[in-house]
Amino acid sequence: MTPKQVKIAVLGCGTVGSQVVRLLSERGEDYAQRCGADLDLIGVAVRSLEAPRPQGVPRELLTSDAEDLIDAADIVVELIGGIEPARTFVLRALRRGVTVVTGNKALLASCGPELFDAAQHANADLYFEAAVAGAVPVVYALRESLAGDHVTDVLGIVNGTTNYILDEMTRSGRSYEEALARAQELGYAEADPSADVDGYDAAAKCAILASLAFHTRVGIDDVDVTGMSDITAADIEQARAGGCVIKLLAHAHRVRVGEREAVSVRVAPTLVERDNPLASITGAFNAVVVDAEAAGRLMFYGQGAGGVQTASAVLSDVVAAATHVAHGGAAPREQTYESLEILPAAQARSAFEVRLILADRTGVLAEIAQVFASHDLSVAALTQTAREETGCSALTLTTHETTLGALEGALADLRELACVKRVERVLSREG
Ligand code: HSE
């Protein structure tokens, strides 16, 4: 019997696309066995036919006509990144009923509803394992492995660049600027690092994970984002003295508000206590901790970026998709039946650590305590850490779990006190 042929089109031939093309050629026989079909790479759409390409990318497969390529394919692998033209190409494929595999977190987190609606309408499959945490199979885990469970929390380091920078600052005492320069030398950080250091890459991933975990459409604009570029060597040292490290965490929680459930999503630099497994994630690695009612706690760890690592995730989707194209079956459909309310940032719950610089005189502690009490904020720990400047002392307070809104109310009152020189740092704290 003639083996079935599944026609694959790759859009984009950068760091990830070139590795996907290479592996499709080198591992083609394995994939054929796994899918029960030959994977036929029919073309690679690129913007420039003349640009240099890595070894392993056959020039005869390159084309600048993405639309013709899409129209001839059974599976379109979108690795262009960004919104346009990726959005137009993905929609074109889905509307024709063609399976799409994408690693494009920005596209999914910004235009997810449009893409999923198009897929649903045309009965097309949409796969996106590579969009979150590179090689780490956390999309599959939430979409399929935990389909029988009830996920309550997802907490993770989903940006390797910022984890590298914070880890470098922690290990070497370097400043943010020095650690960023090192991350750029090593190729982790872009020349313009803002998408990583301002938290938007992590926010897109947070939105995708929350959508899957809570069966609710969550977009990037729903995520409250605080970046990490103003974290100083002094903050890192202060964290260390308090038994913590600072990590940029994506927080996605199912929370109870009165009788109903809602979703809280945010990205923020967070103090992580040393015995929390996320504290030990060093370098550019990613890790995601998922809590589910029946399974309990699960942790997923690995390389969240890199061409060949991300290609591994893309090809896992290609193998699944090709098996369905050849033999029937479908990817899980978008499931947003819970449609939970997404809470405003002020209602996000956490313990917080607040560092105040105070006039060093009798009675200031009583004034501070009075403000916390008047906002019904319970203080878990309090340390007068050091004399920072003449006539001043530094006071670090850790709250019990509260809302960001309640804390901000107290901070506004604290800033009115004559004894408060400044509120130097406010960070969430994870036990
Ligand atoms: N720039 C990202 C990171 C990888 O550093 O993790 C792509 O999302």
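How many disulfides does a search of the whole structure find? The search finds 0 disulfides, a disulfide being a pair of cysteine sulfur atoms within 2.5 Å.

## About the model

This is a predicted model, in which local features need pLDDT of at least 70 and side-chain atom pairs count only at pLDDT 80 or more, while totals for chains, interfaces and linings use all residues. Residues are numbered from 1 along each chain as its sequence is written, and side-chain values use heavy atoms, with hydrogens and water left out.

## Cysteines

Let us start with Cys206. Its sulfur is 18 Å from the closest cysteine sulfur, that of Cys111, which is too far for a bond. Cys206 is also buried, with a relative accessible area of 1%. (Buried means under 20% relative accessible area, exposed over 50%, and partly exposed in between, using a 1.4 Å probe and protein chains only.)

Cys392 is in no disulfide either: the nearest cysteine sulfur belongs to Cys419 and is 11 Å away. Cys392 is buried as well, at a relative accessible area of 5%.

## Helix α10

Next comes helix α10, made of residues 200–214. (Helices, H or I with at least four residues, and strands, E with at least two, are DSSP runs numbered from the N terminus.) Helix α10 has 15 residues and reaches 21 Å from its first C-alpha to its last, close to the 21 Å expected at 1.5 Å a residue; the expected span is 1.5 Å times one less than the number of residues.

Of the 15 residues of α10, 14 are buried, so the helix is largely enclosed by the rest of the structure. After α10 comes His215, with a positive phi near 50°.

## Strand β10 and its partners

Strand β10 covers residues 260–273 and is mostly covered, with 11 of its 14 residues buried. It pairs with strand β9 (residues 244–257) in the antiparallel sense over 14 bridges; two strands pair if DSSP finds at least two bridges between them. Val257 stands opposite Arg260 in β10. The hairpin of β9 and β10 has 2 residues between the strands, and Gly258 there takes a positive phi near 60°.

Parallel partners can be found too. Strand β8 (residues 224–225) is joined to β10 by 2 bridges, and Val225 stands opposite Val267 in β10. Another 2 bridges join β10 to strand β13 (residues 341–342), again in parallel, with Ala262 opposite Glu341 in β13. Strand β18 (residues 420–430) pairs with β10 in the parallel sense over 3 bridges, and here Leu271 stands opposite Arg429 in β18.

## A sheet of six strands

Follow the order β3-β2-β1-β4-β5-β6 and you trace an open sheet of 6 strands with parallel pairing. Its edge strands are β3 (62–63) and β6 (126–127), each of which pairs on one side only.

Within this order, strand β4 (residues 75–78) pairs with strand β5 (residues 99–102) in the parallel sense over 4 bridges. Val76 has Val100 in β5 as its bridge partner.

Which residues make a nonpolar surface patch of about 230 Å²? They are Leu365, Val379 and Leu382. Patches are made of residues with over 30% relative accessible area and no salt bridge, joining like charges within 9 Å and nonpolar side chains (Val, Leu, Ile, Met, Phe, Trp, Tyr) within 5 Å. A salt bridge is a side-chain nitrogen of Lys or Arg within 4 Å of a carboxyl oxygen of Asp or Glu, and accessible areas come from the Shrake-Rupley method with a 1.4 Å probe, where for residues only the protein chains shown count as cover.

Leu382 lies in strand β15 (residues 379–386). Leu382 is partly exposed, with a relative accessible area of 46%.
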